[in-house]
Amino acid sequence: METSATRLKISNGESLIFSKNSYDAVLFDLDGVLTTTEKIHSACWKKTFDEFLRTRARECGENFVPFSETDDYLEHVDGKPRYEGVRGFLLSRGIELPEGSKDSPSGEQSVFGLGNRKNQLFRKTLEKESPGIYETSITLARRLKEAGFRLGVVSSSRNCRAVMAAAGIGNFFEVTVDGVTAAEKGLRGKPEPDTFIEAASALGSKPEKSIIIEDAAAGVAAGARGGFGLVIGVARKQNEDELLSNGADVVVSDLGELFGSGE
Ligand SMILES: [Mg+2]
């Protein structure tokens with residue numbers, strides 16, 4: 001296969017990459033690949049963690065070090081199941097909190113409390129504004145469908161179906177595996193490959209015959225761990241190196257690069 005872990009820009013590679021001889025399914029991440037909701041997620045995590053960190057700094061007499069929407073978000077939170085994201089970030093700051101439970105009140109100083117606060121902020125934002133879509137991603141998906149590929153969406157989010165419906169793409173993809181599916185079926189979240197494997201299987205494909213398109217380190221890592229045929233990283237925040245080192249075969253800054261400019 002003509003892929004390598006390099007910073008590859010493809011201007012005319014549609015036939016090279018999306019060959020029906022090699023692959024039969026394409027699995028898209030949602031937030032940050034199809035919809036612009038990664039920006040809302042990132043902002044809601046920042047608000048949640050900064051509220052918590054500011055209070056904690058005051059109570060402990062420490063300096064307030066805010067949550068970074070680039071480094072902290074990309075490394076510890078992006079693409080992971082909600083409460084895994086909380087655990088990962090707290091661990092990076094050496095902070096231990098009780099787990100709490102699914103019913104923990106929003107903002108309680110616990111893993112679930114912080115996760116619930118973030119989700120509350122996210123849902124409130126969605127009530128006020130429709131999620132945007134990346135037009136080039138939808139164009140690519142439409143072309144792939146016309147070419148006979150089976151298409152799925154694989155998201156850690158429990159809000160996945162609501163976001164897809166609000167973005168007007170609720171019925172476009174054959175299969176959706178999201179945070180709700182994972183909980184129901186006991187699937188491990190990204191960076192483990194379970195949810196992608198589930199989607200490939202539901203589409204009648206196999207990992208080695210499926211392509212993954214992801215914008216998160218946890219997502220491309222899941223693709224590499226699962227032995228998927230091709231893992232395409234979408235670097236929205238100039239994080240090409242991060243995606244390559246976590247398992248992307250190819251990285252672009254926008255999916256429009258895969259079918260050339262001006263189309
Ligand atoms: Mg994403």
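Just after helix H6, select Gly148, which takes a positive phi of about 100 degrees. Helices (H or I, at least four residues) and strands (E, at least two) are DSSP runs, numbered from the N terminus. Residues are numbered from 1 along each chain as its sequence is written. This is a predicted model, in which local features need pLDDT of at least 70 and side-chain atom pairs count only at pLDDT 80 or more, while totals for chains, interfaces and linings use all residues.

**The whole chain**

Display the complete chain as a cartoon; its secondary structure comes to eleven helices and six strands. The radius of gyration is 18 Å, close to the 18 Å that the globule rule gives for 263 residues, so the chain is as compact as a globular protein of that length. The radius of gyration is taken over C-alpha atoms, and the globule rule is 2.2 Å times the number of residues to the power 0.38. Along the principal axes, the C-alpha atoms fill a box of roughly 60 × 35 × 30 Å.

Of the 263 residues in the chain, 44% are buried. A residue is buried if 20 or more other C-beta atoms lie within 10 Å of its own, exposed if 12 or fewer, and partly exposed in between, with C-beta atoms placed from the backbone. Among contacts with a separation of 6 or more, 60% are between residues 24 or more positions apart. Two residues are in contact if their C-beta atoms, placed from the backbone, lie within 7 Å.

**The two domains**

Colour domain 1 (14-37 + 131-259) and domain 2 (39-128) separately. These bounds come from an automatic or database domain assignment. The C-alpha centres of domain 1 and domain 2 lie 25 Å apart. Where they meet, 17 residues of domain 1 are in contact with 13 residues of domain 2. On the side of domain 1 that touches domain 2, H10 gives the most, with three residues. The residues of that side divide into five nonpolar, eight polar and four charged. Here Ala, Val, Leu, Ile, Met, Phe, Trp, Tyr, Cys and Pro count as nonpolar, Asp, Glu, Lys and Arg as charged, and the others, Gly among them, as polar.

**Helix H10**

Select residues 217-225 next. Seven of the nine residues of H10 are buried, so this helix is largely enclosed by the rest of the structure. The buried residues are Ala217, Ala218, Gly219, Val220, Ala221, Ala222 and Gly223. Their cover includes helix H3 (71-77), helix H9 (194-202), strand E4 (210-214), strand E5 (230-234) and helix H11 (240-245). Just after H10, Gly227 takes a positive phi of about 70 degrees.

**Helix H6**

Move to residues 135-146. H6 has twelve residues and reaches 17 Å from its first C-alpha to its last, close to the 16 Å expected at 1.5 Å a residue. The expected span of a helix is 1.5 Å times one less than its number of residues. Which residues of H6 are buried? They are Ser137, Leu140, Ala141 and Leu144. These residues cover an arc of only 100 degrees around the axis, which puts them on the same side of H6. The arc is that of the directions from the helix axis to the C-beta atoms. Strand E1 (25-28) and strand E2 (150-154) are among the elements that cover the buried residues of H6.

**Single residues in the loops**

Select Leu30, in the loop between E1 and helix H2 (38-60). Is Leu30 buried or exposed? Leu30 counts as buried because it has 26 C-beta neighbours inside 10 Å. Leaving aside neighbours within four places in sequence, Leu30 is in contact with Thr35, Val153, Ser155, Ser157, Cys160, Val163 and Met164.

Ser19 is found in the loop between helix H1 (14-17) and E1. With 14 C-beta neighbours inside 10 Å, Ser19 counts as partly exposed.

In the loop between helix H8 (179-185) and H9, select Pro191. A cis peptide bond joins Lys190 and Pro191, with omega about 15 degrees.

Finish at Gln238, in the loop between E5 and H11. Gln238 has a positive phi of about 50 degrees although it is not a glycine. Gln238 counts as exposed, with 9 C-beta neighbours inside 10 Å.
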